[in-house]
Amino acid sequence: MSVRVARALGAWGWGAGGRRGASNFRPPPPGAVDVAELLRDATTAEEGPREPAARRLPGQSSVLLFPGQGSQVVGMGRGLLRYPRVRELYAAARRVLGYDLLELSLRGPQEALDRTAHCQPAVFVASLAAVEKLQHLQPAVIENCVAAAGFSVGEFAALVFAGAMEFSEGLYAVKIRAEAMQEASEAVPSGMLSVLGRPQTKFTSACLEAREHCKTLGMENPVCEVANYLFPDCRVISGHLEALQFLQKNSSRFHFRRTKMLPVSGAFHTRLMEPAVEPLAQVLKAIDVKRPLVSVHANVSGSRYMHPAQIQQLLVKQVVSPVKWEQTMHALYERKKGSDFPRTFEVGPGKQLGAILRSCNLQAWKSYSHVDVLEAEEAADEDLQGLR
């Protein structure tokens, strides 16, 4: 194993040497931060200066994409249990969360898994377990990874993968985030509406009209705004249910081709999530965030993180700010005409990010693969060929 891979895995909190000496992280239950003992063999490289990274040609490099809430499905993780360390991941998650996440992921019920408090940790762990599968089948993909990005809660998984925080720290932050968002969403009837528009669609004007409609109903400070930029002419709008219902009823006037309410409990990535800001901020302050070993792009800006303090700031801001995924895709895959694209791997449940990539950049999508988390264990021997 190379120094680079060993350091990346070690930064998950899986390497030899126990906890980070500089971290004052306290919140998890007793034993929850001892994940470092689980994968002692991950850091077999000798101590010493970091090897200078050789410049990789675009066609030889890789990018990892981590999905977010909404991709969860009962049975996820079933296709990962035969791979080294995956069961240890779920055992560590049980200590951090206080419940059996593997049982919930494998057997549901779906209604329980869909709860924000449960599905965010479930997607986080399943995605990092999928990285373990990828490392087992194609270690060169991990070795040659140059960038990562994650959608909403997936950004935490991307940062853990990149070594910016330990696994247990990242999972505990996700736990607090998910529980706080669940509580905030239950405080007011709200939701998220996926909208496929047309070139002439004016999303901002439509949201403004929806807010004005809510005011005529006697609502004060109604919320209705773009929460996710997915791909050209496609947005997710979050807000009060009355505003979203108004948009659906007037979809033809706003030149919407299709609308669909998402199976989430609240208006994520808007100011209706402000009650979740402070709990997450307090947890992140206790984490010794490191500079990522590979570039990680922030949802809030679409640009890559430049320093650890920025990570703490923008992860908090992300809760009440739109996810600029379309902008992130452009930043990741922008290159001169005729240049090769990196191989892209979606690690985690679902293929939604691959579908979005196809709509954002068809040429980049041609080098896309999905690391499945669902298939039965007896089919796993075929994985290596399927990922090539």
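This is a predicted model: local features need pLDDT of at least 70, side-chain atom pairs count only at pLDDT 80 or more; totals for chains, interfaces and linings use all residues.

Biologist: What is the relative accessible area of Asn221?

Modeller: Asn221 is found in the loop between α9 and β4. Its phi is positive too, about 50°, although Asn221 is not a glycine. The residue counts as exposed because its relative accessible area is 55%.

Biologist: Which residues does a cis peptide bond join?

Modeller: Most peptide bonds are trans. The cis bond has an omega of about 10°, and its proline sits in the loop between α3 (101-107) and α4 (110-114). The pair is Gly108 and Pro109.

Biologist: Now the sheets. What is the strand order of the open sheet with mixed pairing?

Modeller: Two strands pair if DSSP finds at least two bridges between them. The edge strands are β6 (258-261) and β8 (323-324), each pairing on one side only. Five strands make up this open sheet, in the order β6-β3-β5-β4-β8.

Biologist: Which residue of β8 is the bridge partner of Asn228?

Modeller: Strand β4 (residues 224-231) and β8 pair in the parallel sense over two bridges. In β8, the partner of Asn228 is Val323.

Biologist: At about what angle to β4 does helix α9 run?

Modeller: Axes are lines fitted to C-alpha atoms, for helices over the stretch in contact, and angles run from 0 to 180 degrees between N-to-C directions. Helix α9 (residues 203-216) lies across β3 (190-196), β4 and β5 (234-240). Its angle to β4 is about 155°.

Biologist: What about the open sheet with parallel pairing: what is its strand order?

Modeller: β7 and β10 (368-371) are its edge strands, each pairing on one side only. The twist averages 20° from one strand to the next. Its five strands come in the order β7-β2-β1-β9-β10.

Biologist: Which residue in β7 stands opposite Ala147?

Modeller: β2 and strand β7 (residues 295-297) pair in the parallel sense over three bridges. On the β1 side, Val63 stands opposite Ala147, and strand β1 (residues 62-66) pairs with β2 in parallel over five bridges. In β7, the residue opposite Ala147 is Ser295.

Biologist: Why is β2 largely enclosed by the rest of the structure?

Modeller: Strand β2 covers residues 145-150. It is largely enclosed because the buried share of its six residues is five.

Biologist: Which element gives the most to the lining of the largest pocket?

Modeller: A pocket here, on a 1 Å grid over the protein atoms alone, is an open set of points where a 1.4 Å probe fits, with protein on both sides within 12 Å along at least five of seven lines; lining residues have an atom within 4 Å of a point. The largest one is lined by 27 residues, with Ser194, Leu230, Val236, Leu262 and Gln352 nearest its centre. Elements giving two or more residues to the lining are β3, β4, β5, β6 and α14 (352-360). With four residues, the top contributor is α14.

Biologist: Last one: what is the relative accessible area of Val86?

Modeller: Val86 lies in helix α2 (residues 86-97). Leaving aside neighbours within four places in sequence, Val86 is in contact (heavy atoms within 4.5 Å) with Leu80, Leu81, Ala129 and Glu132. Val86 is buried, and its relative accessible area is 0%.

Methods
Residues are numbered from 1 along each chain as its sequence is written. Side-chain values use heavy atoms; hydrogens and water are left out. Buried means under 20% relative accessible area, exposed over 50%, partly exposed in between (1.4 Å probe, protein chains only).
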